[in-house]
Structure formats: structure tokens, C-alpha cells
Amino acid sequence: MARVGVALVGCGSIGSAVHLRALGRAPAARVVGIADPDAAARARAQRIAGRDAVASADPLELIAHPDTDAVVICAPNAVHAELALAACAADRAVYVVKRLALTTVDARAVVAATEASGRAAAVGFNHRFHPLHRRARELLRAGAIGRVRAVTTAFCEPMPVATMPAWKRSRATGGGALLDLGSHQIDLVRWLLDDEVEQASARLQSELSDDDSAELRLELGSGAVVDGWFSFRSGRCDWLQLVGDRGVLTLDRYAPQLRLATARCDIGAVRRGTWPAFAASRPWQLRKALRPAWEPSYARALRAFVAAAGGAPVELPAPRDGLRTLEVVLAAESTAIAEPLVEG
Ligand SMILES: NC(=O)c1ccc[n+]([C@@H]2O[C@H](COP(=O)([O-])OP(=O)(O)OC[C@H]3O[C@@H](n4cnc5c(N)ncnc54)[C@H](O)[C@@H]3O)[C@@H](O)[C@H]2O)c1
């Protein structure tokens with residue numbers, strides 16, 4: 001079967017180091033080329049993609065290349081919508097890393113264009129493809145902890161200001177911990193629980209860059225409540241704990257670990273069955289132990305997208321999910337009390 005010709009647009013840290021390498025290893029994909037206005041980023045990416053790959057400063061030129069079937073967009077958030085619309089106009093499948101757009105007007109335009117195109121389209125909520133999260137979803141759907149009442153979560157990536165890309169320091173250009181990190185957890189909770197957010201509120205702190213820590217509270221249609229902490233100024237972590245009426249499910253993406261705790265009897269003696277591991281996870285747990293930085297969800301998400309672009313019936317996080325997550329972030333921000341931590 002012919003491989004899907006993929007164009008990578010945006011060759012910064014995540015584009016080159018993660019997406020380009022993952023696409024290079026995907027048997028069903030052929031990297032047609034890379035595009036980035038920055039010459040150094042282009043040169044770095046070309047070394048990874050190889051000499052046969054087209055290298056262009058102009059993303060539109062690469063999108064229009066006759067060998068391009070699908071476009072993977074890893075540019076900064078502010079240009080996601082215009083690039084996604086250009087890919088749709090050229091009749092290409094499109095994958096946009098998370099934050100579909102900065103405004104709901106732009107996000108709706110991308111949803112409309114991708115749905116009208118009939119081509120595969122995905123927003124890069126790669127955490128849905130992590131084996132821990134997929135197993136958790138199966139357990140929740142099978143009723144392992146009953147009706148979920150409460151979720152607590154934290155996702156923090158400590159990042160010195162000096163190493164943050166300029167766009168990430170300012171909320172206006174798509175930075176901020178709630179938009180950057182919280183978006184993943186908002187999407188995960190909706191997907192894990194098959195539920196929708198009805199109320200959202202937040203408190204934001206700007207310590208060294210705009211909104212670099214955020215506290216989020218959600219109320220879901222089922223009545224479940226979600227409390228989250230997202231920060232560029234806290235220790236590295238990514239976990240969720242779901243409390244149901246029959247047990248507790250805990251996921252830790254960095255450990256990585258999944259624990260299911262259910263009471264074995266109704267009386268006060270707290271005997272619990274715990275399920276710290278599951279057989280299918282052993283190979284990637286071993287790989288993670290050997291290479292702690294290894295993260296399986298990006299490659300799995302991209303392979304699913306390439307398969308869908310090639311015509312396979314694969315379920316992808318849709319642009320509509322990106323729009324919904326953005327709506328939730330904006331609704332939460334509209335309630336936020338901004339708390340700049342200024343000394344003296
Ligand atoms: N897990 C995830 O979902 C995840 C993780 C990290 C980053 N991201 C997203 O990936 C995107 C890039 O993040 P990063 O950390 O690599 O940023 P970065 O600043 O390191 O890289 C962005 C690159 O895009 C290039 N660029 C700028 N304008 C462009 C344009 N019009 N066309 C093509 N390229 C352009 C820049 O020159 C730069 O090389 C952001 O949207 C970010 O939110 C997603």
C-alpha cells in the first residue's frame with residue numbers, strides 16, 4: 001500500500017525532536033518535507049528528515065507540494081488556525097498539535113473546514129493514546145469504580161523563563177499553564193468519563209510569566225467535580241485520581257502507574273484489592289524504566305492519524321474536541337481572579 005506523504009510544519013522543540021522522529025519511524029508514513037521560517041530550525045529538522053526531504057521557509061509551499069497528503073502542524077498556537085485552513089483548502093488531511101486555535105471564532109472555522117473536507121483531521125490530544133489512559137477508559141466503561149464523583153489532577157512542567165519560547169510567556173500568544181497544560185486534562189476527563197463540562201472556573205497566578213500557574217474547577221453533566229493544578233513553577237508531575245462510588249482509580253503518567261482500589265467488603269476493615277500493573281503494559285513499562293524520557297503517546301497518536309489519512313477507520317480526537325476544550329479554558333479564565341505575585 002502507498003505510504004501517506006506527510007509534511008511537517010513547524011520544526012521547533014516538539015516538531016523536530018518528537019513528531020518528526022515519530023513520523024520517520026511510522027511504517028505507513030513518508031516524510032515529504034519540513035517547513036519553518038527559522039533557518040536554524042529548518043537545518044536541524046533536515047538532519048533528522050534526511051536530504052530527500054523538501055525543506056522550505058514557506059509552509060504554504062510545502063502544503064501545496066504534490067506529494068503531500070497530510071500536514072502535521074507544530075508551529076506556535078497563534079498560526080495553527082491559518083495553517084489548518086490552508087491544509088484544508090489544499091485538500092490535505094490535517095493534524096494540529098493541541099490548542100486548535102487561540103479564539104473560538106478561529107477554532108470554529110477550522111472545525112467547519114475539516115468537517116467539510118472529508119479528510120482525516122485530528123487535534124493533538126496525544127494523551128488519549130497513552131496505554132495508561134486507554135486502560136483506564138476501559139476500566140471506567142466497565143464500571144470498575146462505579147459512578148465517578150470526583151477527580152483531582154495535577155499536570156506541571158517546571159520551565160525556567162529563559163528556556164521558554166517567547167510565545168509561551170504571554171497568554172496573548174497562546175502561553176499560560178491553563179491553556180498549555182490544562183487543555184490536555186480537560187480533554188482527558190471528557191474522554192475518560194464520556195461526560196461534558198457544564199461549569200468551569202479558575203484562579204490564575206502570574207509569577208515569572210503570564211498565568212504560569214492555574215487552579216481549575218469543573219462541574220460535569222453527571223454531577224462529578226474536577227479540581228486541577230497546572231503550573232510551570234511546580235515539580236514535574238502528571239496524574240489523575242478518580243473517586244467513584246465503588247472505588248478509586250489513580251493514574252500517574254510519569255511513574256507510570258495505574259492503581260485500582262476497591263473495598264472488598266462493606267465493613268470498616270479496610271481491605272483493598274489493588275491492581276498496580278496490567279500485563280499489556282509490561283513492555284512499555286520496561287522501556288520507560290530503561291529510557292525515562294520515553295513517552296509512547298505521541299508516536300501512537302501520529303500513527304493513528306497516518307492510518308486515518310490513509311483511509312483506515314480510526315477514532316481520532318477531533319477538531320471539535322479542540323474547540324470544546326478551548327471553550328472550557330476561556331469560560332474558566334473569564335471567572336478568574338488574576339493574582340500577580342509581586343513582591344513588596
Ligand atoms: N503534548 C502536546 O500536545 C504538546 C507538547 C509540546 C508542544 N505542543 C505544541 O506544539 C507547538 C510548538 O511548540 P514548541 O514547544 O515546539 O515551540 P517552539 O517555539 O520550540 O517551536 C515552534 C516552531 O515553529 C516555527 N514557526 C513559527 N511560525 C511558523 C509558521 N507560520 N509556519 C511554520 N513554522 C513556524 C518557529 O520558527 C519554531 O521553530 C505549540 O502549539 C505547543 O502548544 C504540544
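This is a predicted model: local features need pLDDT of at least 70, side-chain atom pairs count only at pLDDT 80 or more; totals for chains, interfaces and linings use all residues.
Which residue in S13 stands opposite Asp252?

Residues are numbered from 1 along each chain as its sequence is written. Helices (H or I, at least four residues) and strands (E, at least two) are DSSP runs, numbered from the N terminus.

Now the opening question. Gln257 in S13 stands opposite Asp252. Strand S12, residues 248–252, and strand S13, residues 257–263, pair in the antiparallel sense over five bridges. Two strands count as paired if DSSP finds at least two bridges between them. S12 is joined to S13 by a hairpin through four residues. Pro256 is found in the loop between these two strands, and the peptide bond that joins Ala255 and Pro256 is cis, with omega about -20°.

A second hairpin is made by S8 and S9. Strand S8 covers residues 197–206 and strand S9 residues 213–220, and they pair in the antiparallel sense over eight bridges. Val197 has Leu220 in S9 as its bridge partner. Six residues lie between the strands of this hairpin, and Asp211 there takes a positive phi near 45°. Asp194 also has a positive phi, near 50°, in a residue other than glycine. Asp194 has its place in the loop between H8 and S8. As background, most residues other than glycine have a negative phi, and most peptide bonds are trans.

Next, the open sheet. Six strands make up this sheet, in the order S3-S2-S1-S4-S5-S6, with parallel pairing. The edge strands, each pairing on one side only, are S3 (54–56) and S6 (121–124). On average, neighbouring strands of this sheet are turned by 20° against each other, direction ignored. Inside the order, strand S4 (residues 70–73) and strand S5 (residues 93–97) run parallel and are joined by four bridges. One of the bridge pairs is Ala70 with Ala93 in S5. Helix H4, residues 80–89, lies across strand S1 (4–9), S4 and S5, and runs at about 170° to S5. For angles, axes are lines fitted to C-alpha atoms, for helices over the stretch in contact, and values run from 0 to 180 degrees between N-to-C directions.

Ser16, Leu20, Arg21 and Gly24 in H1 meet Ala41, Arg44, Ala45, Ile48 and Ala49 in H2. Contact here means C-beta atoms, placed from the backbone, within 7 Å. By class, the residues of this contact are five nonpolar, two polar and two charged. The classes are Ala, Val, Leu, Ile, Met, Phe, Trp, Tyr, Cys and Pro as nonpolar, Asp, Glu, Lys and Arg as charged, and the others, Gly among them, as polar.

H1 also packs on helix H10, residues 296–309: the axes come within 9 Å and cross at roughly 55°. H1 and H10 are therefore oblique to each other. Val18, His19, Ala22, Leu23 and Arg25 of H1 make the contact with Tyr298, Ala299 and Leu302 of H10. Six of these residues are nonpolar, one is polar and one is charged.

The other pair is H8 (residues 177–193) with H11 (residues 319–334), packed at an angle of about 120° with their axes 10 Å apart. H8 and H11 are therefore oblique to each other. Among the residues that meet are Leu178, Leu179 and Ile186 in H8, and Val328, Val329 and Ala332 in H11. The contact divides into six nonpolar, three polar and three charged residues.

Last, the ligand. Which residues are closest to the ligand? They are Gly10, Gly12, Asp38, Ala41 and Pro165, out of 25 residues that surround it. A residue counts as near if its C-beta atom, placed from the backbone, lies within 6 Å. Helix H1, residues 13–25, gives the largest share of this shell, three residues. The shell has 13 nonpolar, seven polar and five charged residues.

How values were computed
Two residues are in contact if their C-beta atoms, placed from the backbone, lie within 7 Å. Angles under 35 degrees count as roughly parallel, over 145 as roughly antiparallel, 65 to 115 as roughly perpendicular and the rest as oblique.
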